Structures are given as C-alpha cells and as structure tokens.
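Biologist: Please take one part of this model and go through it closely. I would like to know how it is built and what it touches.

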Amino acid sequence: MAGIAEASWEGRVGVDADVARLRKGDPEALGALLERYQNRLYRYLLRLVREPATAEDLFQQTWLRVAEQVKKYDPRRNFDAWLFTVARNLAIDHLRRYRPESLDEPLPSGESREEQIPSVAETALERVILQERAARLTDAMGSLPAVYREVLTLRFEEEMKLEEIAVVLDAPLSTVKTRLRRSLEGLRRKLESQGPAEDWR
Amino acid sequence: MKDHKKPDHDTLRGWLSLAAAGALEPEEQAEVDRHLGACEECAAEFERWRVLASGLKRLPTPQPSAALVERVRASIVAATAAQAEKRWNQGVLIFLVLFSWTLTLAGWPIVRLATHGVSSWLEVGFTKAWMDLIGYTALGWLTAGVAAMVLTWQKRRERRLA
C-alpha cells in the first residue's frame, strides 16, 4: 500500500514538473505529458464519442488546446481534471455540432486498436471468455447515453474520485452520484435484457 | 442521501450499486456493510453489482495508434514554433514602432538644424514646419516598413528551408 502511495506521489510530482516546464515553453514537456496520458485520454474520448476517427481528431485537438492554454492553467488545480475538462469541452462541442441526434446510438461493433489489459486469466479459454464478456460489457456501455458512458469511464476506468469527476463534469457531487447510479442501473438492465446474467458475470 | 434516521431495507438496497462503485459516504458504507451481514437477499444483490463494477474496471483499454501519437507530437512542435514566431513578430513590430517614433522625435531637431540653420528656430511659419515633420515621419515609417518586410521575407525563407 505504501508502495502504491509512493508511486502515485512520484507520478504527481512528475506531472507537476512536466506542467511547470511546459508553462515555460518547453515543447519536450508536452511530449512527456502526451506519453503519460495518451492511453487514458484516448480511451475517455473514445468512450464519449464512440467513433475512433472522431476520437483521434479530438485527441489531437485536445493536446493542441493544452499547448495553447497551459499558461492559463492554475498549477494548484489537479492537472488530470483540467486535461479531461479540456477534452470534454471539445467532445461536447463536436457532439452538439455534428451529431446531436446520435447521442443514444448503439456502438458499432469491431472497433480497432483495442488491446487487452494484463489479465488474471490462466488459460487461453479463460482469456477468450473474459474477452467475450468485456466485448458484451463494452457494447452495452456504448448503448447508454453519453452522460452515462462518461461517468462510468471516469469512475471505473480512470478511477477518479467523485470530487474529481464533479470538477470535470462541472456538476455538483449529488449529480455525479445520481448519474453514476442511473448509469449502473441502465447498464445492468441492458446486460440482463441481452441474456442470462451468467454471460457477463 | 444523508439521512439521520436509520435507513430501512429498501433504502439500503437502493445504495448497493453506489456501494459497489465505492461512491458512498463512510457512514452510509458502514450501514450497508452491517446490513449485508444480516440480509442474504441484499448480499446476493450486492454481489451482482460488485461483479458488474469489477467487469467495468477490467475493460480492455483502447490505445491510440503510434502514428496518431507521432502526428500529435509533430503538430504540437509546429504549433509551438508558430506561437514562438508570432511572439517574435509581435516583438519586432513593437520595437520598430518605438524605434520609428524615437528616431522621428530625436532626429527632428537635428534635421531642422541641418536644413534651415539656427534661424529656423525663430521661424513663425508653422505650416511648412509641420509639412516637414509629416514628410520626415513618413520617411521614418517607410524605412521601418521596408525593414519589417525584409525581416518577414527572411523568416519565411528560413521556414521554407527548415
């Protein structure tokens, strides 16, 4: 536990140092931040917009916006929350402008570039079962409205605290909790309507 | 969700999804934990939420392609260079404006002295003096403009060669 806390503290210090360098105009620092956050940011955007091409475009726009606006960033604030807020604002603009009608559209299957995170599975069969379950869960999640997909990814994939999610969403804590509860209920309803609970457990 | 009354079975059951998400207040979580030890139905329900939450935490992580990351890196470098150039151009412009005015105001008495002699200071015909000043200022600005154009041309050439 102490090791995790130490690693987290070191990570925090590393981010702060990179942000400080970036604010002084060092482009190398943005490269370091890009490396550190690339997977998390891309995953968040993909969960939000569901289309890899759009997520890639927004990913690029987010980093350019960060480079432009980093001087306005208050170093006392949490950089993660600020970065995800920048990405969120761009994603919302895109969703409003280009496809306001498709917010509830189901996720098209067969997304590319998905890689399995290290798994606890011992055998190939267990791995396949886990992958199938994950695919069902991802599909079910994709069928939820964007506001619910967002809160699920921030809580479970980004592992953000509720207070941090509230900052990113610019919403009160009570709203975050309500959205989280509704998103979980919606997700479970969706999974149960697709088949027996054993299939996704 | 904060309630001073002891929550009943239905209330606690409604909290189970948030409990699995680790989103309850400590006192609410304590109530849930106590209830789960006593209610098999809620314990089974909580297990379902817990499995769902665990599945969400273990979802595959989509990763950006290496090509995308490289493209972003290159665009950041280009944008940073463009910003730096913009700042430099603004600095040059400010310098040229200040330089032109300094040259105009500081050089004007010398020009008057050279072209009209000491008697010019006693001249009462302001019209000609103002015309001279305007012409002299225009000359200063023209020089500064030409200098700005040369600098811009040089920067563009450097950018093309880079």
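Modeller: Two residues are in contact here if their C-beta atoms, placed from the backbone, lie within 7 Å. The model is predicted, so local features need pLDDT of at least 70 and side-chain atom pairs pLDDT 80 or more, while totals for chains, interfaces and linings use all residues. Residues are numbered from 1 along each chain as its sequence is written, and chains are lettered from A and ligands numbered from 1 in the order in which they are written.

The part I take is helix 8 of chain A, residues 173-194. Helices (H or I, at least four residues) and strands (E, at least two) are DSSP runs, numbered from the N terminus. At 1.5 Å a residue, the 22 residues of helix 8 of chain A should span 32 Å, and the end C-alpha atoms are 32 Å apart, which agrees. The expected span is 1.5 Å times one less than the number of residues.

A residue is buried if 20 or more other C-beta atoms lie within 10 Å of its own, exposed if 12 or fewer, and partly exposed in between, with C-beta atoms placed from the backbone. The buried residues of helix 8 of chain A are Val176(A), Lys177(A), Arg179(A), Leu180(A), Ser183(A), Leu184(A), Leu187(A) and Leu191(A). Down the axis of helix 8 of chain A, these buried residues fall within an arc of 165 degrees, so they line one face of the helix. The arc is that of the directions from the helix axis to the C-beta atoms. Ser174(A), Arg189(A) and Ser193(A), on the other side of helix 8 of chain A, are exposed.

Helix 7 of chain A (residues 162-169) packs on helix 8 of chain A at about 100 degrees, with the axes 9 Å apart. Axes are lines fitted to C-alpha atoms, for helices over the stretch in contact, and angles run from 0 to 180 degrees between N-to-C directions. The two helices are therefore roughly perpendicular, the word for angles of 65 to 115 degrees; under 35 is roughly parallel, over 145 roughly antiparallel and the rest oblique. From helix 7 of chain A, Leu162(A), Glu163(A), Ile165(A), Ala166(A) and Leu169(A) meet Leu173(A), Val176(A) and Lys177(A) of helix 8 of chain A. The residues of this contact are six nonpolar, no polar and two charged. Ala, Val, Leu, Ile, Met, Phe, Trp, Tyr, Cys and Pro count as nonpolar, Asp, Glu, Lys and Arg as charged, and the others, Gly among them, as polar.
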